[in-house]
Amino acid sequence: MSGSGGDITVSGFVTAPLMGRGSRSMQVFFVNGRFIKSQLLTAALEEAYRNQLLKGKFPGCVLRLTMPADRLDVNVHPAKTVVKFVNDKEAFNAVYYTVLDA
């Protein structure tokens, strides 16, 4: 699957709703080639699956976001795995609508 929103392009794979997992450990995000952990992107993914998963189950994914480097800050965490988006809503919507369309 792939899609875009504003300056952000999203591509990757998501699990079918019936393949919900017991934890979020199967959710992997990359931004501009960098592995990240993002509560914002996790929330967008899970919102796209709303009312499709059983209670207590979580979708799995491998999603790659590509965006201009000046649209995010990687210096939020010493390990550089946490990023801050300049426009949170744009990042949320790009992931949400791409996953929803898939």
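**Aromatics first, then the whole chain**

A: Phenylalanine 35 has 37% relative accessibility, so it counts as partly exposed; buried means under 20% relative accessible area, exposed over 50% and partly exposed in between, with a 1.4 Å probe and protein chains only.

Q: What kind of model is this, and how are residues numbered?

A: This is a predicted model, where local features need pLDDT of at least 70, side-chain atom pairs count only at pLDDT 80 or more, and totals for chains, interfaces and linings use all residues. Residues are numbered from 1 along each chain as its sequence is written, and side-chain values use heavy atoms, with hydrogens and water left out.

Q: OK, how many aromatic pairs turn up in the whole structure?

A: Three. Rings of Phe, Tyr and Trp (its six-membered ring) pair if their centres lie within 6.5 Å; planes under 30 degrees apart count as stacked, over 60 as edge-to-face and the rest as tilted.

Q: Which pair is phenylalanine 35 in?

A: An edge-to-face one with phenylalanine 30, at 6.1 Å centre to centre and 70° between the planes. Phenylalanine 30 is partly exposed, because its relative accessibility is 28%.

Q: And what geometry do tyrosine 96 and tyrosine 97 have?

A: They pair edge-to-face too, at 4.8 Å centre to centre with 75° between the planes. Tyrosine 96 has 18% relative accessibility, so it counts as buried, whereas tyrosine 97 is partly exposed because it reaches 46%.

Q: Switching topic: in what order do the elements run?

A: From the N terminus, β-β-β-β-α-β-β-β-α, which comes to two helices and seven strands. Those are DSSP runs numbered from the N terminus: helices are H or I with at least four residues, strands E with at least two.

Q: How much of the chain is buried?

A: Buried residues are 33% of the 102 in the protein chain.

Q: What about contacts across the sequence?

A: Of the contacts between residues at least 6 apart in sequence, 73% join residues at least 24 apart; a contact means heavy atoms within 4.5 Å.

Q: And what are the spans of the C-alpha trace?

A: About 40 × 30 × 20 Å along the principal axes.

Q: Last one: how far apart are the mean positions of the charges?

A: 10 Å, for 12 positive and 8 negative charges. Lys and Arg count as positive, Asp and Glu as negative, and His and the chain ends are not counted; each charge is placed at NZ of Lys, CZ of Arg, CG of Asp or CD of Glu.
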